[in-house]
Amino acid sequence: MAPSYGLLDRTVYGRQEDWEDSPDGWPQRWGSTGGQFQLDGRPTAQWPRLRAGRDDDLGPPPDGGSARTCPLHGEPPAAATP
Amino acid sequence: MTEPHVSPIGVAAKPPVADRAAFQAELDRLRTREKAHTREGDAIAAARRLPMVQIDPRTPLTGADGTVPLIDLFAGRSQLIAYFHMWHPGRPAAQQCEGCTFSTSHVTEPAYLHSRDVGYAVLAEGSYEEASRYRDFMGYPVPWYAVPQDSVDRLVAGRHFGILACYLRDGDQVYETY
């Protein structure tokens with residue numbers, strides 16, 4: 001349902017993820033177990049919305065809020081290596 | 001606002017250079033595998049013939065106009081695709097689900113689904129107030145609903161949010177088909 005990966009798969013460096021069978025020196029900044037859909041600490045698709053001036057305030061937290069875990073949430077990707 | 005950091009690719013290794021004929025020969029070899037993959041995907045799609053599970057058509061959901069039964073989400077259509085969007089209550093937008101955002105942000109044009117009599121809706125975990133603010137922030141064009149706690153088991157049925165489900169409406173009855 002998300003064509004970005006199908007498009008990236010056609011590019012020279014693919015998804016740039018660390019599980020791909022890539023030659024030495026290929027960019028592989030991204031993982032596949034969380035963090036690959038984030039950029040600088042938030043879901044990547046939020047950045048153009050912020051640049052467009054949209055407000056990301058979600059209002060006051062609801063009663064009974066809890067920290068449910070999301071299997072796709074992981075640590076953000078490590079900083080790019082030179 | 002901090003601008004996101006994107007790593008430069010300029011220093012990365014590059015493929016060897018080949019002439020057009022050699023490039024085409026390599027591409028043709030790859031095409032053999034790609035076509036096999038396409039044919040297998042088509043074969044799976046052509047044979048995706050499952051039975052269906054009856055779902056309570058009155059299962060309540062929370063939308064912009066308050067509580068509505070599941071069957072209303074069809075908007076008269078025979079089919080509905082629902083994406084079950086995870087939600088982390090009380091957390092800011094930056095900490096909401098990156099995978100659900102990845103998937104949902106790609107669904108921008110439902111006209112082709114509608115042309116096949118298929119609707120699309122996002123069914124979010126948690127409160128409608130938070131989820132609808134997130135939808136507004138993201139500018140999503142598809143309708144959003146929240147799944148009240150009492151409706152979660154009826155729809156998610158022991159699975160977890162983050163799934164996609166397909167439904168069929170037959171008159172006033174609703175079935176899950178995928």
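User: Which residues touch the most other members of the largest nonpolar core?

Analyst: Ala121(B), Leu123(B), Ala124(B) and Tyr145(B) do, out of 31 residues in that core. A nonpolar core here is a set of buried Ala, Val, Leu, Ile, Met, Phe, Trp, Tyr and Cys residues joined through C-beta atoms within 7 Å. Buried is a matter of counting: 20 or more other C-beta atoms within 10 Å of the residue's own, while 12 or fewer makes a residue exposed and anything in between partly exposed, with C-beta atoms placed from the backbone.

User: Which elements each supply at least two residues of this core?

Analyst: In chain B, those are strand 4 (79-85), strand 5 (118-124), helix 4 (128-138) and strand 6 (144-146). Strand 5 of chain B gives the largest share, 5 residues. Helices (H or I, at least four residues) and strands (E, at least two) are DSSP runs, numbered from the N terminus.

User: Before I go on, what kind of model is this, and how does the numbering work?

Analyst: It is a predicted model, in which local features need pLDDT of at least 70, side-chain atom pairs count only at pLDDT 80 or more, and totals for chains, interfaces and linings use all residues. Residues are numbered from 1 along each chain as its sequence is written, with chains lettered from A and ligands numbered from 1 in the order in which they are written.

User: And what is the mean pLDDT of chain B?

Analyst: The mean is 94, and 96% of the residues in chain B reach 70 or more; pLDDT is the predictor's confidence in each residue, from 0 to 100. For the complex, the predictor gives an ipTM of 0.85 and a pTM of 0.85.

User: Back to Tyr145(B): what is it in contact with, neighbours in sequence aside?

Analyst: Leaving out neighbours within four places in sequence, Tyr145(B) has contacts with Leu61(B), Thr62(B), Gly63(B), Leu73(B), Ala121(B), Leu123(B) and Ala124(B). A contact means that the two C-beta atoms, placed from the backbone, lie within 7 Å.

User: Which residues of helix 4 of chain B are buried?

Analyst: Tyr128(B), Glu130(B), Ala131(B), Tyr134(B), Arg135(B) and Met138(B) are. They sit on the same side of helix 4 of chain B, because they cover an arc of only 165° around the axis. That arc is taken from the directions from the helix axis to the C-beta atoms.

User: What covers them?

Analyst: The cover includes helix 2 (46-51) of chain A, along with strand 2, helix 2, strand 5 and strand 6 of chain B. Just after helix 4 of chain B, Gly139(B) takes a positive phi of about 70°.

User: What does chain A look like by itself, element by element?

Analyst: Chain A has 2 helices and 2 strands, running α-β-β-α from the N terminus. Of its 82 residues, 12% are buried.

User: Changing topic: where is Pro60(B), and what stands opposite?

Analyst: Pro60(B) is in strand 2 (residues 60-63) of chain B, opposite Pro69(B) in strand 3 of chain B. Strand 2 and strand 3 (residues 66-69) of chain B run antiparallel, joined by 4 bridges; two strands pair if DSSP finds at least two bridges between them. The two strands form a hairpin with 2 residues between them.

User: Is Pro60(B) buried, exposed or partly exposed?

Analyst: Partly exposed, because 16 other C-beta atoms lie within 10 Å of Pro60(B).

User: And what about strand 4 of chain B: which strands does it pair with?

Analyst: Strand 4 of chain B pairs with strand 5 of chain B in the parallel sense over 7 bridges, and 5 bridges join strand 4 to strand 7 (residues 164-170) of chain B, running antiparallel. In strand 4 of chain B, 5 of the 7 residues are buried.
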